[in-house]
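Subject: Structure handover

Hi,

Here is the structure I promised you. Please open it next to this message; my notes follow below.

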Amino acid sequence: MPCIRIIEVLPPPNDLFRAAAEEFVRAGRAAIAERGRFTVALSGGSTPRSLYSLLAQDQADFSWSQTFLFFGDERHVPPDHPESNYRMVKESLLSKVPIPAANIYRIHAEMPDADAAAADYEQQLRKFFELRPDEFPVFDLILLGLGSDGHTASLFPGSDGLKEQSRLVIANWVDKFKAHRLTFTFPVLNNAKDLMFRVSGERKSKMAILVLEGKNTPPFPAQQIEPKNHLAWVLDKAAAARLSN
Ligand code: 6PG
């Protein structure tokens, strides 16, 4: 069954984060009601910080004890590094809500060998989801951002990671940063029940129309996202400024 794609445009940025927080809570409550737990992979970068802060502010009584947090990608840096996605999430959310430390699955990006860090995180996923060798995890919700170059998670245009079809997590070499990024692969992203892009600001408007309305060869990484059920694009007015309707 093809995934249901919805595009929601909200005037001021704050509404975007409010809508994203409501979607997080809705998906969480549904997963906990059906399966007794909520598995969610968070995104990094700058855009989601406001969402995480809003969740911390408004959702202290959310079922954090039944919520299991993972990271869709990470920079190859230690957890206290200014570039660390884990650090950003810890400061804006984890340090403020009653989530058990055992429910937080961090990428050990401080490991000098990026491939070893990716393999370590793959093992964490395989153990948590009790996967058979050929199986992929089914996350209840995966949060994603959109890069101005059309990347998502740390799957960048032209990078080798775009071709990966069997591993869950890879160390993807990103030439423009001359560095590896640790990232979920497309099979993991597309195996999710629900997936939500949040896109904010005029600087993303050019790529937003290319990804949502364009036929690009090769397709941008963000265009290769088709989860099992539900794909939500939540944009603010500035990011959606060039969309045709
Ligand atoms: C990261 C992200 C990445 C991010 C986009 C958008 O680690 O950088 O996970 O995929 O979502 O780069 O980033 P901004 O929100 O900072 O524009």
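Two strands count as paired here if DSSP finds at least two bridges between them. Please keep in mind that this is a predicted model.

**Strands β8 and β9**

Strand β8 covers residues 194–199 and pairs with β9 in the parallel sense, over 6 bridges. Within this pair, L195 stands opposite L231 of β9. Between the two strands the chain passes through helix α6, residues 205–213. This β-α-β crossover is right-handed.

Strand β9 runs from residue 230 to 236. Buried means under 20% relative accessible area. By that cut-off 7 of the 7 residues of β9 are buried, so the strand is largely enclosed by the rest of the structure. H230, A232, V234 and D236 point one way. L231, W233 and L235 point the other way. Both sets are buried.

**Helix α3**

Helix α3 spans residues 85–94. Of its 10 residues, 7 are buried, so the helix is largely enclosed by the rest of the structure. The buried ones are N85, Y86, M88, V89, S92, L93 and L94. Viewed down the helix axis, they fall within an arc of 155°, so they line one face of α3. What covers them? The cover includes β2 (38–42), α2 (49–58), β3 (67–71) and β4 (73–75).

The N-terminal end of α3 is capped by S84. A side-chain oxygen of S84 lies 3.2 Å from the backbone nitrogen of Y86.

**The ligand**

The ligand is surrounded by 15 residues. The closest are S46, T47, R75, A153 and K204.

- K204: a side-chain N or O atom is 2.5 Å from an oxygen atom of the ligand.
- N85: a side-chain N or O atom is 2.9 Å from an oxygen atom of the ligand. N85 is also one of the buried residues of α3.
- G44: a backbone N or O atom lies 3.2 Å from an oxygen atom of the ligand.

**T185**

T185 sits in the loop between β7 (179–184) and α5 (186–189). Is T185 buried or exposed? Its relative accessibility is 0%, so T185 counts as buried. A polar atom of the T185 side chain lies 2.8 Å from the backbone oxygen of R167. Leaving aside neighbours within four places in sequence, T185 is in contact with L155, E164, R167, L168, V169 and I170.

Best wishes

Terms used: Residues numbered from 1 in each chain as written. Predicted model: local features only at pLDDT ≥ 70, side-chain atom pairs only at ≥ 80, totals over all residues. Heavy atoms only, no water. Buried < 20%, exposed > 50% of the residue type's maximum accessible area, 1.4 Å probe, protein only. Helix = DSSP H or I, 4+ residues; strand = E, 2+ residues; numbered from the N terminus. Arc of directions from axis to C-beta. Contact = heavy atoms within 4.5 Å. Polar contact = N/O pair within 3.5 Å; in protein donor to acceptor, adjacent residues only side chain to side chain. Right-handed = clockwise from strand over helix to strand, strands pointing away. Near = heavy atom within 4 Å.
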